[in-house]
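Open the model in your viewer and keep the sequence panel in view. The stops below say what to select and what to look for there.

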Amino acid sequence: MKYKLEWTYKLKGNKKVLFSSEWIDSELALATGDELEKSGKTADLLFYDEMGTSWTPKELRKLTEEIDEEPHDLFIYFDGGFDKETKKSGLGAVIYFKQGKKKFRLRANQVFDELNNNNEAEYAALYYALTLLEELEVRQMPCELIGDSQVVLKQLEGEWPCYEEELNRWLDRIEEKIKKIGLRPSYKTVGRKENKEADKLATQALEGKMINSKMQII
């Protein structure tokens with residue numbers, strides 16, 4: 001979670017000027033706030049998170065202690081593959097996150113039998129990734145959803161229209177899940193090479209190699 005500071009700088013003659021910072025992580029935000037308060041020329045210091053909530057310095061210290069033990073700093077890679085011969089879909093998801101003072105990577109895949117094309121498989125893969133977040137008990141967090149399907153990501157952003165009824169149903173499911181978890185997603189389209197982990201998981205699912213692993217990253 002990143003934060004933006006807003007504070008009033010006290011000038012001579014009781015004049016005040018409002019300042020705000022760029023988005024920075026919680027540790028740097030709190031350290032900056034401490035320095036500002038020590039100057040004796042700062043008033044009305046508040047921290048705003050990416051969800052639009054404001055916090056006093058005391059409230060933010062308490063919040064960061066609580067958040068530190070929950071999954072945060074989330075980056076979710078997804079990919080779906082469709083086999084025309086078997087009519088099966090392979091879904092792959094890789095989730096990078098922090099918890100406590102440690103970094104983790106979750107890798108998982110799944111086979112799905114009820115889809116009709118590759119675009120559906122891509123949507124199903126993203127939905128699958130969101131269910132993994134739900135299992136991690138992620139709540140009220142910003143995250144970055146990353147994939148190589150422009151169709152999925154641009155339609156979720158609302159930049160591209162969606163005319164296919166089945167894909168619209170997937171859109172509805174995904175948006176409902178995002179709302180239920182309380183995510184604030186950003187979307188990033190990457191090339192297949194940058195999405196190779198999720199792509200490999202989707203392929204392995206089609207080959208019958210099922211994976212669900214969580215490991216600490218050194």
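The tour goes from the whole chain to single elements and residues.

**Whole chain**

Begin with everything shown as a cartoon, bearing in mind that this is a predicted model. Along the principal axes, its C-alpha atoms fill a box of roughly 80 × 40 × 30 Å.

Switch to a surface. The accessible surface of the chain is about 12,600 Å², and carbon and sulfur atoms account for 47% of that. The chain has 218 residues, of which 44% count as buried. If you draw contacts between residues at least 6 apart in sequence, 69% of them join residues at least 24 apart.

Select residues 16-20, which form strand β2. F19 lies in this strand. Is F19 buried, partly exposed or exposed? Its relative accessibility is 38%, so F19 counts as partly exposed, the range between under 20% for buried and over 50% for exposed.

**Helix α2**

Move to residues 57-67, helix α2, and pick out E65. E65 counts as exposed because its relative accessibility is 59%, above the 50% cut-off. Next, select G100 and draw a distance between the two C-alpha atoms. E65 and G100 are 35 residues apart in sequence, and their C-alpha atoms are 9.0 Å apart in space.

**Helices α3 and α4**

Select residues 118-135 for α3 and residues 150-157 for α4. The axes of these two helices come within 9 Å and cross at roughly 60°. The crossing is right-handed.

Which residues meet where the two helices come together? Show side chains for N119, E122, Y123 and L126 on the α3 side. Their partners in α4 are V151, V152, Q155 and L156.

**K154**

Stay on helix α4 and select K154. Is K154 buried or exposed? With a relative accessibility of 18%, K154 counts as buried, since the cut-off is under 20%. To see what surrounds the residue, show E159 and W160: K154 touches both, leaving aside residues up to four places away in sequence.

How values were computed. Residues numbered from 1 in each chain as written. Predicted model: local features only at pLDDT ≥ 70, side-chain atom pairs only at ≥ 80, totals over all residues. Heavy atoms only, no water. Helix = DSSP H or I, 4+ residues; strand = E, 2+ residues; numbered from the N terminus. Buried < 20%, exposed > 50% of the residue type's maximum accessible area, 1.4 Å probe, protein only. Axes fitted to C-alpha atoms, helices over the stretch in contact; angles between N-to-C directions. Left-handed = near helix turned anticlockwise from the far one by under 90°. Contact = heavy atoms within 4.5 Å. Areas by Shrake-Rupley, 256 points an atom, 1.4 Å probe, with all protein chains shown as cover.
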